Amino acid sequence: MAIEARPTAEKSWIEQVAPGWWAVGLILLAMPAFAGDFVLFQVFGWTFVLGMIALSLMFLAGYGGMVSLIQMTVGALGGYMVAILGTSGTALSLGLPWWLYIPAAILIASLFGTLVGALAVRTEGIYTIMITLAIASAFFYFTRQNYGIFNGYSGFNLVVPPQLFGIDWRQPVPFYYLTLVCAALSYAAVVYVARTPFGLALQGVRDNPRRMAALGFSVTAHRVAAYTFASVIAAVGGILLVWQNAQVSPGTAGIPQVIDILVIAVVGGLKRPIGPFIGALIYVLLRVFSPDVLLAFGLSGERFKLLIGMGFLLIVFFSPDGVLGLWEKWRARRAHAVDPLSGAVRDTAGGGRP
Amino acid sequence: MTDTSAERLGSVSSGNALELRGVTKMFGALAAISDVTLSVRPGERRAVLGSNGAGKTTLFNCVTGDFLPTSGTIRLFGEDVTSFPAHERIRRGLRRTYQISLLFGGLSVADNVYLACRGVSRNRFSFIRPRRGDVLVTRALELIEAVHLTSSRDAMVSDLSYGQQRQLEIALALAGAPRFILFDEPAAGLSPTERGELVAILTNLPSHIGFVIIEHDMDVALRVAESVTMMHNGRIFKEGTPAEIEDDAEVQELYLGGGHG
Amino acid sequence: MKRFTTHHPVWSVIIAIVVAVILWLIFAPWPAGLEETFGRKRIFLNAVFGGITLGALYFLVAAGFTLIFGLMRNVNLAHGSLYLLGGYLGFEISDATGSWLLAFPVVFIVVAALGLLLQHQVFRRMDGQDLRQTLVTIGLSVVLADIMLWIWGGQSYTILAPDWLSGPVELPVVSGVGKDGQPAWLRFPAVRIAILVAAIVIGVAMWLVLNRSRLGMLIRAGVDDREMLTASGVRIQYVFLAVFAFGAGLAGVGGIVGGTFQSLSPGEDTRFLLASLVVVIVGGMGSIPGAALGALIIGLAEQLGLVYAPTYSVVFTFLIMALVLAFRPQGLLGQGR
């Protein structure tokens, strides 16, 4: 906590985390013991990766008040750079060593995100969606047409993680842990930064840029720096996504994919960093299992897009704060629930706060 | 709050804390304020009263730098700040509260005040959380104490009552080392109890901090001020002590029924 | 415009020179050296006129988008879907009735009615929540796109132009010198010229309504200052309804046009949404002349880029947008905010 003045025993961060979280953490760590390869790789791996990219959107939207649609593109650019600078099945790759191309990819993608931020933050907030969507589209069309660098329509295949410490990181169990650790680190980073002076100032800029300027803060600098921070997370997520698919192509950051990240973040909830991961899990479960459900109803398995769209609309109508919002409302109602027997009002507030 | 550096500055500077000479502000053909000349000594508590349209808020906006006056000079602690941008004036110790509170709705009271303290200090980006006992954190808590909001320290701004939000607005203006504060209708919309609290907060401000308060509520204004300037139609109409102004016949004629604008 | 020239004399001279050069390139016969470096004049002319007529199409779609955003602050990301829906419906109607012209009023009414429904039942309930409205339009675009894919499938549809519009028309522009030494005139598809004329007529009509009618005055006031308009007691919701319905109808009609001289397929909705976004960013929010200027610039950039530098035509469009964002974020003809 930024503001805590208790002179006596203060809780360390370990004690501050609610018990429910420890349970979740243990289950996640032990998952490979009881879950199959498909669940580890396709369900959880994908969830962590999409969650990270959606987390970067949530950081900008929830803490910065800027709804940016460039995050998926930043991720894809990171993936492209890994393919171009590293090894792939395509002749265009440069074959640099992993300790060069991974940091370089993250750097390039973050620079790109920062530049987009610099272009987008000088206008009113509502324009951010438009500008970032336009730039994301331009990226898609450009990578599709450019064969000199991006190999056009086909992109790069056989883009796999480097064999470090003798482990094939694309195997289900290693990949699961890799993505789990990255997701956990990103999550922790966001939670931590949110209450640093920078994070607080960013939220101040979100709530009242005029007052922040009157207090002496540089509003633009804070916003652009937020894009940089978010882009690093998105870049890492993008690289992991490309490794998971073992390929990157214009379709990795096509408009439907870009919109999907927004859907994930909104459905999960834009107010807390856990929201994007919840949204990602819902999305992944839908993608994986809805074709079967649809077929059971006699519809083509391809209609999952319709399901996702309608689910999204329902959430926006009834709970704009997403699934997290529903959870908060339910908890609030329970906290002030009336005991059916005695009619007394039961006040059970509490619980963790990440 | 004991900020000795500000105290020293306040007592060392000879002359006036705020000095306006012949300040006029035109909007097109309309003179919002004309030929306003007034001076406020360091540590003085001045009330500026007048009906709507008298030019009070325009006066404030010229002093803070939101407007550039059409003519005239403004001096802050002897320095000519007429053309300075707003943040330069803030750096020289000028603060202001707004008629409509400009608060950070998604943050707690403590965070709001912390941001204010951090802003007027050197603003580096910091990605490190403040340690226990951080100077600015302690400062923020002191300010919260000064505006009687300690019990609501961790409440979200959106959960505060209107009166509490106005108190927070004042806390934001007290951050850093203010030497002079402009209070823009701080009592607007407050209940009688809340008004009493406001008067207490204002009268208990450190004596080196001078302020000018715009108010419609004559009662509040006359209780916290030691001198009063009355404006009418953009000009200064009368100046004097609260007692003199209250008893003045012309003032009574213009403002029948007392303090409500 | 006079104000612009007096305030920015250097820019005015530059723009005047550029326009003069372009006009010369179009109307004068090219000397031999020019043809060697730039290729045949006819190709250039085709690209230019193609760009202008493409700009006309972009204008039709973007005009509705910019009005909806300018007045209601609703970034209607389903605008592209309305375009494609209008196109598909236009195809069905002209296919069923054999009349191309009949498709226009019918599609306009149907899509406008859909827009009316959306504004009345959905957006009105979220008045003031700009982001939420935009999120709804995103959801709508996803749902509409899939429904259209379901009904019409993945193949391309082209709407056939009527006989009296098919074939080329001769324009009074010299495209080269024929073998007999006589000037050859440019031949250009008649249907595209017809669309250009129609777009100009519609644009002028919109401008007249906006600047000369009471409704237009209300719209302009609302674009400038929403709160003032709400406070003035005017039944602002009716204005919103009219604007959204009109914007939607126009997008739908744009679909017929696009379906006629290009084609309709999944993905065209995204393309025209993107075009509207870029046109409006470049031209300025809430400004009809801005939409016209932006559409013209983008249309020309796209066509000329396609002809002379095919791998980088996207970059041109993006570069123009980035430059405008960097140096004049409110758009070329937008109000400073």
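Which residue of chain C forms a salt bridge with Arg303(A), and how far apart are the closest N and O atoms? The partner is Asp146(C), and the closest N and O atoms are 2.7 Å apart, where a salt bridge is a side-chain nitrogen of Lys or Arg within 4 Å of a carboxyl oxygen of Asp or Glu.

Before I go on, please keep in mind that this is a predicted model, in which local features need pLDDT of at least 70 and side-chain atom pairs count only at pLDDT 80 or more, while totals for chains, interfaces and linings use all residues. Residues are numbered from 1 along each chain as its sequence is written, chains are lettered from A and ligands numbered from 1 in the order in which they are written, and side-chain values use heavy atoms, with hydrogens and water left out.

Let me stay with chains A and C. The bridge from Arg303(A) to Asp146(C) is the one salt bridge that the rule finds across this interface. The elements giving two or more residues to this side of chain A are helices H6 (126–145), H11 (255–268) and H13 (304–318), helices being DSSP runs (H or I, at least four residues) numbered from the N terminus. H6(A) gives the most, with 13 residues. In contact, meaning heavy atoms within 4.5 Å, are 35 residues from chain A and 44 residues from chain C. The buried area, that is, the accessible area (1.4 Å probe) that two parts lose on being put together, summed over both, is about 3,600 Å², and carbon and sulfur atoms give 78% of that.

Now to chains A and B, where 32 residues of chain A are in contact with 31 residues of chain B. The area buried there is about 3,100 Å², with 61% from carbon and sulfur atoms. The rule finds two salt bridges across this interface, and Arg195(A) and Asp111(B) meet in a salt bridge at 2.8 Å, N to O. On the side of chain A that touches chain B, the largest share, eight residues, comes from H8(A).

Finally, within chain B, helix H2 (residues 56–64) has eight of its nine residues buried, which is to say under 20% relative accessible area (1.4 Å probe, protein chains only). Among them are Leu59(B), Phe60(B) and Val63(B), and just after the helix Gly65(B) takes a positive phi of about 100°.

Notes
Buried < 20%, exposed > 50% of the residue type's maximum accessible area, 1.4 Å probe, protein only.
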